Amino acid sequence: MEHPELSIIIPIYNEAENIPELSRRLEHVLKEMNTSYEILAVSDGSTDQSMHELAKISRRNPAWR
């Protein structure tokens, strides 16, 4: 995806338990919009497993960065 029509930026700080649900809901809405997109998750220094959760999601959906 070279030039997405929509960029979503999400700050992440110790949200490991919420990231899977965020991903599920956000991807559902974006699919309904039928547009190209990227999701940029920005770590704000999380000390939990947030980065691990984000890595799992980005392997499944490369629009997550």
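These notes cover the helix packing, the nonpolar core and several individual residues of a predicted model.

1. Helix pair. Helix H1 spans residues 19-33 and helix H2 spans residues 50-60. The two pack at an angle of about 35°, and their axes lie 10 Å apart. The crossing of H1 and H2 is right-handed.

2. Residues at the H1-H2 contact. On the H1 side the contact is made by Ile19, Pro20, Ser23 and Glu27. On the H2 side, Ser50, Glu53, Leu54, Ile57 and Arg60 meet them. By class, the residues of this contact divide into four nonpolar, two polar and three charged.

3. Nonpolar core. The largest nonpolar core has 13 residues. Those that touch the most other members are Ile10, Ile12, Leu26, Leu30, Ile39, Leu54 and Trp64. Strand S1 (6-12), H1, strand S2 (37-43) and H2 each supply at least two residues of this core.

4. Isoleucine 10. Which residues does isoleucine 10 touch, not counting residues up to four places away in sequence? The list is Leu22, Leu26, Ile39, Leu40, Ala41, Val42 and Trp64. Leu26, Ile39 and Trp64 are also named, with Ile10 itself, among the core residues that touch the most other members.

5. The buried face of H2. Ser50, Glu53, Leu54 and Ile57 are buried in H2. Seen down the axis of H2, these buried residues fall within an arc of 95°, so they line one face of the helix. The elements that cover them include S1, H1 and S2. Ser50, Glu53, Leu54 and Ile57 also belong to the contact with H1.

6. Serine 50. This residue is found in helix H2. Serine 50 counts as buried because its relative accessible area is 0%, and the cut-off for buried is under 20%. Leaving aside neighbours within four places in sequence, serine 50 is in contact with Ile12, Asn14, Glu15, Ala16 and Ile19. Ile19 is one of the H1 residues at the helix contact. Between serine 50 and methionine 33 there are 27 Å, C-alpha to C-alpha, for a separation of 17 residues in sequence.

7. Histidine 52. Helix H2 also holds histidine 52. Is histidine 52 buried, partly exposed or exposed? Its relative accessibility is 41%, so histidine 52 counts as partly exposed. Histidine 52 and alanine 16 are 36 residues apart in sequence, yet their C-alpha atoms are 8.0 Å apart in space. Alanine 16 is also one of the contacts of serine 50.

8. Two asparagines with positive phi. Most residues other than glycine have a negative phi. Asparagine 14, in the loop between S1 and H1, has a positive phi, near 50°. Asparagine 34, in the loop between H1 and S2, has a positive phi of about 55°. What is the exposure of each? Asparagine 14 counts as partly exposed because its relative accessibility is 28%. Asparagine 34, at 71% relative accessibility, counts as exposed.

9. Serine 36. The loop between H1 and S2 also contains serine 36. At 25% relative accessibility, serine 36 counts as partly exposed. Serine 36 and glutamine 49 are 13 residues apart along the chain, and 28 Å separate their C-alpha atoms.

Technical notes: Residues numbered from 1 in each chain as written. Predicted model: local features only at pLDDT ≥ 70, side-chain atom pairs only at ≥ 80, totals over all residues. Heavy atoms only, no water. Axes fitted to C-alpha atoms, helices over the stretch in contact; angles between N-to-C directions. Helix = DSSP H or I, 4+ residues; strand = E, 2+ residues; numbered from the N terminus. Left-handed = near helix turned anticlockwise from the far one by under 90°. Contact = heavy atoms within 4.5 Å. Nonpolar A, V, L, I, M, F, W, Y, C, P; charged D, E, K, R; others polar. Core = buried A, V, L, I, M, F, W, Y, C linked by side-chain atoms within 4.5 Å. Buried < 20%, exposed > 50% of the residue type's maximum accessible area, 1.4 Å probe, protein only. Arc of directions from axis to C-beta.
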